[in-house]
Amino acid sequence: MNDSTADTPVSLHCPRGNDCPISAELSQLRDRVTELEQHAQTDPLTGLYNKRYFDSVLHRELERTQRTGMPTTLIMLDVDHFKRFNDTHGHVAGDHALKHLARTLRSNLRNLDIACRFGGEEFVVVLPSTPLLVAIQVAERLRQQLTNSTLVIDASAMKLTASFGVDTYTHEHRDNLLDFVERVDKQLYLAKSAGRNCVKHATNAPRSAHEVTPEERDALF
Ligand SMILES: Nc1nc2c(ncn2[C@@H]2O[C@H](COP(=O)(O)OP(=O)(O)OP(=O)(O)O)[C@@H](O)[C@H]2O)c(=O)[nH]1
């Protein structure tokens, strides 16, 4: 028996073309899903990625380090004396200060670096495929930019500083994600203890074969 439909291509196109109601609805749904995805991974105050996204991205990058041997480096920073800032200038000014910090991070990082709000006045930056030495320089640059910038709220100029901790994860490290974050947090604690507004970093990281190439330096500075 001859099946007359066998060779007929199935058309997925609606006969109403661009006016197809189902296609329009699907497109709206797709936009809505994208919007919800962005919402789920964004901190509403600063617009940076949130802690949930940080956890997933760090997990992914540590796996990549184990696979490729390229180090993943983490910068953790915390605004100095932020309680005093809030008490002096008010909580709304405090929120402006956090947005100012987020802008400073955004405008001083490469596109592939991932800046996240870790919680409260604490932030983290994941630097994929970046050796410790380069990340220390990035942290120092961020610190200086913040220190040298002025935050203007209701015509009043204010200053903001932060303390920074930096550590790296190479394929020679065997600790897990939480241990790694704790290592970086320890460096941040040392920066606070040393008087704040400074960068503290690990010194005993195993050297990797991918340590600072001239190309990486040129790309960053
Ligand atoms: N305005 C504002 N304040 C916040 C937010 N999240 C956390 N804070 C405040 O940040 C302050 C953090 O205070 P502490 O943990 O004592 O730290 P600190 O005063 O910065 O002191 P050091 O970190 O030791 O320099 C608290 O007063 C919190 O209420 C926020 O979203 N907006």
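This is a predicted model: local features need pLDDT of at least 70, side-chain atom pairs count only at pLDDT 80 or more; totals for chains, interfaces and linings use all residues.
View 1. Step back for a moment to find your way around. If you follow the sequence, the elements come in the pattern α-α-β-α-α-β-β-α-β-β-β-α-β-α. The protein chain has 221 residues, and 30% of them count as buried. Take the contacts between residues at least 6 apart in sequence: 70% of these join residues at least 24 apart.

**View 2. The largest nonpolar core is made of 42 residues.** Look here for Ile75, Leu101, Val124, Ala135, Ala139, Phe164 and Val166, the residues with the most contacts inside this core. Several helices and strands each supply at least two residues of the core, among them helix 2 (51–68), helix 4 (91–107), strand 6 (162–169) and helix 6 (177–193). Which helix gives the most to this core? That is helix 5, with 8 residues.

**View 3. Strand 3 is mostly covered, with 5 of its 6 residues buried.** Now zoom in on this strand and its partners. Strand 1 and strand 3 run antiparallel and are joined by 6 bridges; Leu74, for example, has Val126 in strand 3 as its bridge partner. Strand 2 also pairs with strand 3 in the antiparallel sense, over 5 bridges, and here Arg117 is partnered by Phe123 of strand 3. Which residues does Val124 contact, leaving aside its neighbours within four places in sequence? The answer is Phe54, Leu74, Ile75, Met76, Cys116 and Phe118.

**View 4. Gly120 sits in the hairpin of strand 2 and strand 3.** Between these two strands there are 2 residues, and Gly120 takes a positive phi near 50 degrees.

**View 5. His81 and Ala155 each have a positive phi although neither is a glycine.** For His81, phi is about 45 degrees, and the residue is found in the loop between strand 1 and helix 3 (82–89). Is His81 buried, exposed or partly exposed? His81 is partly exposed, because it has 14 other C-beta atoms within 10 Å. Ala155 has a phi near 65 degrees and lies in the loop between strand 4 (151–153) and strand 5 (156–158). Ala155 counts as exposed because it has 5 C-beta neighbours inside 10 Å.

**View 6. Residues 1–6 and residues 205–210 have pLDDT under 50.** Over residues 1–6, the model has 0 contacts beyond four places in sequence. How many such contacts does the model have for residues 205–210? For that stretch there are 14. Across the protein chain, pLDDT averages 88, and 86% of the residues score at least 70. The model as a whole scores ipTM 0.97 and pTM 0.84.

Note on methods:
Residues are numbered from 1 along each chain as its sequence is written. A nonpolar core is a set of buried Ala, Val, Leu, Ile, Met, Phe, Trp, Tyr and Cys residues joined through C-beta atoms within 7 Å. A residue is buried if 20 or more other C-beta atoms lie within 10 Å of its own, exposed if 12 or fewer, and partly exposed in between; C-beta atoms are placed from the backbone. Helices (H or I, at least four residues) and strands (E, at least two) are DSSP runs, numbered from the N terminus. Two residues are in contact if their C-beta atoms, placed from the backbone, lie within 7 Å. pLDDT is the predictor's confidence in each residue, from 0 to 100. Two strands pair if DSSP finds at least two bridges between them.
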